[in-house]
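Student: Please take a close look at one part of this protein. I would like the aromatic rings and what surrounds them, in one connected answer.

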Amino acid sequence: MKRTVDMVELPSQASAGVRVRIAEVRSVPADEAPAPAGPCPPSGIRVTSGNGDAAMGLRVVGLRLENCSTRTYHLNGYPRLRLLDEDRKPVAGVKVLHGSGGISAVTGFDDPPRAVTLKPGESASAGLMWRNTVTAGTPVNLPYVRVNAKAGARPVMVTPELDLGTTGKIGVSPWKKDEVP
């Protein structure tokens with residue numbers, strides 16, 4: 001099946017004959033899609049995930065929440081996560097741990113949660129951490145995570161492509177207000 005893909009940026013040496021192979025396509029329900037830059041979604045917040053970092057089996061992906069509304073937004077604690085499989089169905093057997101849960105020692109990951117107040121334009125971040133370790137059993141790969149910034153918040157579905165191996169656990173850090181440079 002052939003489809004047209006709009007490319008945001010092509011290398012300067014690109015010609016009209018450039019071919020692109022799509023390796024993987026992910027889709028999320030429209031009402032849970034992360035809001036792209038531009039107008040603020042009705043929720044008043046924009047939640048996105050980063051590209052992540054991987055080293056020697058340790059994986060870390062950031063979550064970022066931007067208050068794009070005209071009022072303050074309050075957080076206290078951890079993002080609420082729902083891990084989803086290829087069919088966007090909840091997965092059993094994987095523990096979501098507050099903090100690192102002994103996965104690794106990463107500065108700030110196990111800090112206790114604190115109340116965070118975001119003025120319009122301010123942001124907060126949290127992190128997901130896991131190890132891609134395979135010992136015995138079938139490795140778990142989860143493309144989707146449904147994130148609620150806090151209880152009662154509108155869910156946003158992100159696609160961090162979690163390759164959990166056979167560890168059966170993922171850690172989440174508490175929300176922390178981003179430093180303004």
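Tutor: What follows goes from a ring to the core and then to a sheet. Keep in mind that the model is predicted.

Start with Y73. The charged end of K150 sits over the ring of Y73, 4.3 Å from the ring centre. K150 is also one of the residues that Y73 touches.

Now the core. Y73 belongs to the largest nonpolar core, which has 29 residues. Y73 is among the residues with the most contacts inside this core. L65, L75, A149, L162, I170 and W175 are listed with Y73 there. Strand β8, residues 123–131, gives the most to this core, with four residues.

Next, a second ring. R88 lies over the face of Y144, at 6.0 Å from the ring centre. Y144 is in β10, where Y144 is the bridge partner of L84. Five bridges join β5 to β10, residues 144–148, and the two strands run antiparallel.

These strands are part of an open sheet of three, in the order β5-β10-β11, with antiparallel pairing. β5 (80–84) and β11 (156–158) stand at the edges with a single partner strand each, so one side of each has no neighbour in the sheet. On average, neighbouring strands of this sheet are turned by 25° against each other, direction ignored.

Last, ring against ring. The structure holds zero aromatic pairs.

Methods
Residues are numbered from 1 along each chain as its sequence is written. This is a predicted model: local features need pLDDT of at least 70, side-chain atom pairs count only at pLDDT 80 or more; totals for chains, interfaces and linings use all residues. Side-chain values use heavy atoms; hydrogens and water are left out. Rings of Phe, Tyr and Trp (its six-membered ring) pair if their centres lie within 6.5 Å; planes under 30 degrees apart count as stacked, over 60 as edge-to-face and the rest as tilted. A charge sits over a ring if NZ of Lys or CZ of Arg is within 6 Å of the ring centre and within 35 degrees of the ring normal. A nonpolar core is a set of buried Ala, Val, Leu, Ile, Met, Phe, Trp, Tyr and Cys residues joined through side-chain atoms within 4.5 Å. Buried means under 20% relative accessible area, exposed over 50%, partly exposed in between (1.4 Å probe, protein chains only). Contact means heavy atoms within 4.5 Å. Two strands pair if DSSP finds at least two bridges between them. Axes are lines fitted to C-alpha atoms, for helices over the stretch in contact, and angles run from 0 to 180 degrees between N-to-C directions. Lists of a residue's contacts leave out its neighbours within four places in sequence.
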